[in-house]
Amino acid sequence: MRSTISHLLSPTLLPPPLNIRRKTPTFPLKNSRKFSSSSRTRTSEIQLKVSSSSSENQTVTFAPSPTRKDDDDVDDSDVLPSASDVVRSFYKGINDRDLGSVEELIAEKCVYEDLIFPRPFVGRKAILEFFKKFIDSFSKDLQFAIEDISAEDSLAVGVTWHLEWKGKAFPFSKGCSFYRLEVINGTRQIIYGRDIVEPAIKPGEAALVAIQGVVWLLQRFPQLADQL
């Protein structure tokens, strides 16, 4: 009995205290954000690495609840139609003979070059007048058909296309175009365009001869370069 009482009154044997060396964690080791344009929320996943002398490195992962994205953090280009979508809508508006939908895709000070014309069309009004003449001159059966379009750049688009008559390729109508865009007043608009159309007359190697002749003249008479 006495030994039992002595045992109960004796200090409880405890494991030695852990000698933890705290090391200031370096973070964020991983910070991945997922954005939603519809709800404007974001979720961040952060990994913290904790180091101690008694155990190996451990990784703790936690994901806070989604929080509303501040208006200052919103990138307008993330919620706008892509540059290639704007250009597709441009061609669709021409095919539909809907200049009203085309107008909002063209910047007020846009410059449009069609290389079969001697001078570019400058300004939205002049460009729309040009396309109105095109629409009024041809039946709706004549349509632009996009062959390929670049989609990687948010502010520049290249397109190859041809014309079709009731679904059949129209002769001498292949072309390629380049468009540059900007975000203006919260809308992605075309600020520059250039069309290069297949020529009806194809000179072939004669074009090389003509270029050689021009180069020879420039070499003999350098002052002619000022007139180019």
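Is Lys202 buried or exposed? Lys202 is exposed, because its relative accessible area is 51%, where buried means under 20% relative accessible area, exposed over 50%, and partly exposed in between, for a 1.4 Å probe and protein chains only.

Colleagues, the model before you is predicted: local features need pLDDT of at least 70, side-chain atom pairs count only at pLDDT 80 or more, and totals for chains, interfaces and linings use all residues. Residues are numbered from 1 along each chain as its sequence is written, and side-chain values use heavy atoms, with hydrogens and water left out.

I begin with the salt bridges. The term denotes a side-chain nitrogen of Lys or Arg within 4 Å of a carboxyl oxygen of Asp or Glu. By that rule there are 5 salt bridges. One of them joins Lys202 to Glu198, with 2.4 Å between the closest N and O atoms. Glu198, in turn, is buried, at 18% relative accessible area.

Another salt bridge is formed by Lys132 and Asp136, whose closest N and O atoms are 2.9 Å apart. These residues lie 4 apart in helix α5 (residues 124–137), so about one helical turn separates Lys132 from Asp136. Helices here are DSSP runs of H or I with at least four residues, strands are runs of E with at least two, and both are numbered from the N terminus. Lys132 is partly exposed at 45%, whereas Asp136 is exposed at 54%.

Asp96 and Lys92 also meet in a salt bridge, at 2.7 Å from N to O. Asp96 is partly exposed, with a relative accessible area of 34%, and Lys92 is exposed, with 54%.

I turn now to the aromatic rings. Rings of Phe, Tyr and Trp (its six-membered ring) pair if their centres lie within 6.5 Å; planes under 30 degrees apart count as stacked, over 60 as edge-to-face, and the rest as tilted. The structure holds 16 aromatic pairs. In one of them, Tyr91 and Tyr179 are edge-to-face, with 6.1 Å from centre to centre and 90° between the planes. Since Tyr91 lies in helix α3 (residues 83–95) and Tyr179 in strand β10 (residues 175–184), this pair ties together parts 88 residues apart in sequence. Tyr91 and Tyr179 are both buried.

Phe134 and Phe138 form a tilted pair, because their ring centres are 5.1 Å apart and their planes stand at 55°. Phe134 is buried at 16% relative accessibility, while Phe138 is partly exposed at 41%. Ring pairs link a cluster that includes Tyr91, Phe134, Phe138, Trp161 and Tyr179.
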